[in-house]
Amino acid sequence: MAETNTPAASGAAWALEARGLGKRYRRGWALRDCSFRLPAGRICGLVGPNGAGKSTLLGMATRQVVPTEGELRAFGVPVSDPATMPRYAFLAQDKPLFKRFTVAESLRMGAELNPGWDMAAAERIVCAGGIPMEARTGTLSGGQRTRVAFALAFGKRPDLLLLDEPMSDLDPLARDEMSTLLMAEAVERGTTVVMSSHMLTELEDMCDYLLVLSQGRVRMAGDADALVPAHRMVTGVAENGALPAALLGHTVVESRIQGRQFQAMVRTDGPLGGGWQVSEPSLEEVLLAHLRSPDVPALYTPGARTEAEGATTV
Ligand SMILES: Nc1ncnc2c1ncn2[C@@H]1O[C@H](COP(=O)(O)OP(=O)(O)OP(=O)(O)O)[C@@H](O)[C@H]1O
C-alpha cells in the first residue's frame, strides 16, 4: 500500500513518540520499556516520584542523554537527527544561564542563536517580573533566574517546550503568570508543552495529558480527562476481613481494610454492582494510588500507546 503523507502517517501528529525506550546507567536502568505517544498541541504533565526517570526522559528528548535501547521521535523525526533541535526549547531543572551575562545580553544571545526569535515576547516576560535588563544573571534570585530562563525558552517560539520542574522556585504570583503564559501558548500557537512537576494541583489545573512514570516505567499515559474517570473509589463492608470477591473482577489499584470497612480504588472492567458507595476519585488520588502500586498494569488512553506490553487501554 502506498504511504500517505498526512501528518498522522508521517508521525508529525505526535509531538513525542517513544518505542521501547530505555536508558541504563552503571547503577542500573533509569528508564525501561518506555512506550507512549503525546499528541501535538497538548500540555502534558510528566509525573513520578524522585528518581522515576523524568529528567532522563527529558534529557533524551533534548539529545543530552543517549538512549541505551529503543527510539524516541519528535514530530515524526528521530531526536538523534539535529533537524529536531530548532523545534524544541528546554528549561532544565537548574535553569543554567551564563552568570556573567546581563539579562539583555542573554536575550541578545537568544536572538543570535535562534532564527525565529521573538524579542518582544522574551522582553515582556522579563519586564513583567521587574528584572533590570542590565543586571548580571549571576546576581539574580532563584525565581528571577527562572523567569529569565522562561523568557529564553518562550523567545525561541518552539513547537515543543520541555520544562523540568519549571515552577518550583517561583512565588505564587509568578507561578500563576507562567501557567497562564504556558496555556496561552498551547492554545494560540499549538505549542506542545511537557512539564515535569511534583505539584499535583498545578498539574490538575494546567495539564490535559499525563505521562506517569515510576521506577523507570510508564504507569499511565493519555488524556487526563479519560484517565481519571476510568477509576472509582469504592467503600463498603469487607467480607471476612478481605475485599469482596465481586470486586476482584476489576483491577484493584489500591485497597485498605479498616475494621469491617474497606476502601478501594478500582479500574472498572464493566458495571461495578454490589451495594457499595461509589465515587469518582480526584486526579491526585488516582496519581498517588498508582505511584504507590507499581505492580498494577500500566494504563493508556486510546492513541497514547505504541507497543507497550502488559498494559490496559481505557
Ligand atoms: N548521569 C547519571 N548517572 C547515573 N545514574 C543516573 C544519572 N542520571 C540519573 N541517574 C539515575 O537514574 C534514575 C532516574 O533519575 P532521573 O533524574 O531521571 O529521575 P527524576 O524522575 O527526574 O527524579 P527527580 O524527581 O528527583 O528529579 C535515578 O535512579 C538516578 O539516580
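Strand 12 and strand 13 (residues 261–267) are paired in the antiparallel sense over seven bridges. Helices (H or I, at least four residues) and strands (E, at least two) are DSSP runs, numbered from the N terminus, and two strands pair if DSSP finds at least two bridges between them. This is a predicted model, in which local features need pLDDT of at least 70 and side-chain atom pairs count only at pLDDT 80 or more, while totals for chains, interfaces and linings use all residues. Residues are numbered from 1 along each chain as its sequence is written.

Strands of a sheet pair through backbone hydrogen bonds, either parallel or antiparallel. Strand 1 is joined to strand 2 by eight antiparallel bridges, and a hairpin of two residues connects them. Within this pair, Leu 16 has Leu 38 in strand 2 as its bridge partner. Strand 1 (residues 14–25) also pairs with strand 4 (residues 69–74), antiparallel and over five bridges; there, the bridge partner of Gly 22 is Glu 69 in strand 4.

Strand 2 also contains Gly 28. Gly 28 counts as exposed because it has 8 C-beta neighbours inside 10 Å. The scale is as follows: a residue is buried if 20 or more other C-beta atoms lie within 10 Å of its own, exposed if 12 or fewer, and partly exposed in between, with C-beta atoms placed from the backbone. From Gly 28 to Pro 271 the separation is 243 residues in sequence and 42 Å in space, C-alpha to C-alpha.

The ligand is surrounded by Tyr 25, Arg 27, Ala 30, Gly 48, Asn 50, Gly 51, Ala 52, Gly 53, Lys 54, Ser 55 and Thr 56. A residue is near a molecule if its C-beta atom, placed from the backbone, lies within 6 Å of it. Helix 2 (residues 54–61) gives the largest share of this shell, three residues. By class, the shell has three nonpolar, six polar and two charged residues. Ala, Val, Leu, Ile, Met, Phe, Trp, Tyr, Cys and Pro count as nonpolar, Asp, Glu, Lys and Arg as charged, and the others, Gly among them, as polar.

The domain assignment, of automatic or database origin, divides the chain into domain 1 (9–215) and domain 2 (225–295). Their centres, taken over C-alpha atoms, are separated by 35 Å. In domain 1, 10 residues are in contact (C-beta atoms, placed from the backbone, within 7 Å) with eight residues of domain 2. On the side of domain 1 that touches domain 2, helix 7 (200–206) and strand 9 (209–214) are the elements giving two or more residues. Strand 9 provides the largest share of that side, three residues.

How values were computed
Contact = placed C-beta atoms within 7 Å.
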